[in-house]
Amino acid sequence: MRVRLSAMLEAVRTVRAPLANFYALLNDEQRARFNAVPSGEDQNEPARRLNLNMLCSERASWIANVPIRRMELAVRPDEVQRASLGALRDAIGQAGELLKMDCPTYRPITPVVRIETMEQRLDTVLRAINIVQPALQKFYGSLTDEQKERFNRLAPVQG
């Protein structure tokens with residue numbers, strides 16, 4: 001996930017400056033027409049999804065649904081592992097708060113602001129991953145082979 005997000009972030013950063021330069025060269029009429037071009041996310045989406053803040057909040061809240069209790073029941077951690085699982089729970093909570101705090105409160109109108117918003121959001125998601133990954137690695141690394149097998153069989157969370 002980190003590799004894909006990093007690649008997306010790099011692509012956005014590569015396009016941002018040329019897009020801003022191009023946009024600056026347009027006259028007011030051209031800018032208005034360019035602003036009216038729908039982004040790919042707008043096409044064929046239900047009206048409720050057009051509210052970027054709502055969409056962002058919905059997607060940010062998925063992390064709060066990580067099934068810590070299911071993990072606990074599946075692997076039956078000992079006391080040391082339980083402490084690692086608690087640290088993972090805390091890291092997930094921290095990442096969730098970061099993702100919620102970073103949701104835009106407005107719908108960007110210009111392509112330049114849209115790409116800046118996209119860059120900021122991708123960067124925030126990568127920071128959230130960096131919060132959770134060490135705790136997940138520590139917890140997973142503390143498991144026995146049998147516990148890892150049970151952990152690996154857990155169905156992925158739908159987000």
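Trainee: In which helix is Val 15 found?
Mentor: Some ground rules first: this is a predicted model, where local features need pLDDT of at least 70, side-chain atom pairs count only at pLDDT 80 or more, and totals for chains, interfaces and linings use all residues. Residues are numbered from 1 along each chain as its sequence is written, and side-chain values use heavy atoms, with hydrogens and water left out. Helices (H or I, at least four residues) and strands (E, at least two) are DSSP runs numbered from the N terminus. By that numbering, residues 2-25 form the helix that holds Val 15, namely helix 1.

Trainee: How many helices and strands does the chain have?
Mentor: Reading along the sequence gives the pattern α-α-α-α-α-α-α. The count is therefore seven helices and zero strands.

Trainee: What share of the 159 residues in the chain is buried?
Mentor: The cut-offs are on relative accessible area: buried is under 20%, exposed is over 50% and partly exposed lies in between, with a 1.4 Å probe and protein chains only. The accessible surface of the chain comes to about 10,300 Å², and carbon and sulfur atoms hold 57% of it. That area comes from the Shrake-Rupley method with a 1.4 Å probe; for residues, only the protein chains shown count as cover. Among the 159 residues, the buried share is 34%.

Trainee: Is Leu 19 buried or exposed?
Mentor: Leu 19 belongs to helix 1. It touches Phe 34, Pro 111, Val 112 and Ile 115, not counting residues up to four places away in sequence; a contact means heavy atoms within 4.5 Å. Its relative accessibility is 18%, so Leu 19 counts as buried.

Trainee: How far apart in space are Leu 19 and Pro 111, C-alpha to C-alpha?
Mentor: In the whole chain, 74% of the contacts with a separation of 6 or more join residues 24 or more positions apart. Leu 19 and Pro 111 are 92 residues apart in sequence, while their C-alpha separation is 7.9 Å.

Trainee: How are helix 1 and helix 2 oriented to each other?
Mentor: Axes are lines fitted to C-alpha atoms, for helices over the stretch in contact, and angles run from 0 to 180 degrees between N-to-C directions. Under 35 degrees is roughly parallel, over 145 roughly antiparallel, 65 to 115 roughly perpendicular, and the rest oblique. The axes of helix 1 and helix 2 (residues 28-36) come within 8 Å and cross at roughly 135°. Helix 1 and helix 2 are therefore oblique.

Trainee: At what angle do the axes of helix 5 and helix 6 cross?
Mentor: Two packed helices are described by the angle between their axes and the distance between the axes. Helix 5 and helix 6 are roughly antiparallel to each other. Their axes come within 8 Å and cross at roughly 175°.

Trainee: Which exposed residues sit on the face of helix 7 turned away from its buried side?
Mentor: The buried residues of helix 7 are Gln 147, Arg 150 and Phe 151. They cover an arc of only 100° around the axis, which puts them on the same side of helix 7; the arc is that of the directions from the helix axis to the C-beta atoms. These buried residues pack against helix 4 (68-75), helix 5 (79-101) and helix 6. The face turned away carries Asp 145, Glu 146 and Asn 152.

Trainee: What value is phi of Arg 76 near?
Mentor: Most residues other than glycine have a negative phi. Arg 76 lies in the loop between helix 4 and helix 5, and at 54% relative accessibility it counts as exposed. Its phi is positive, near 45°.
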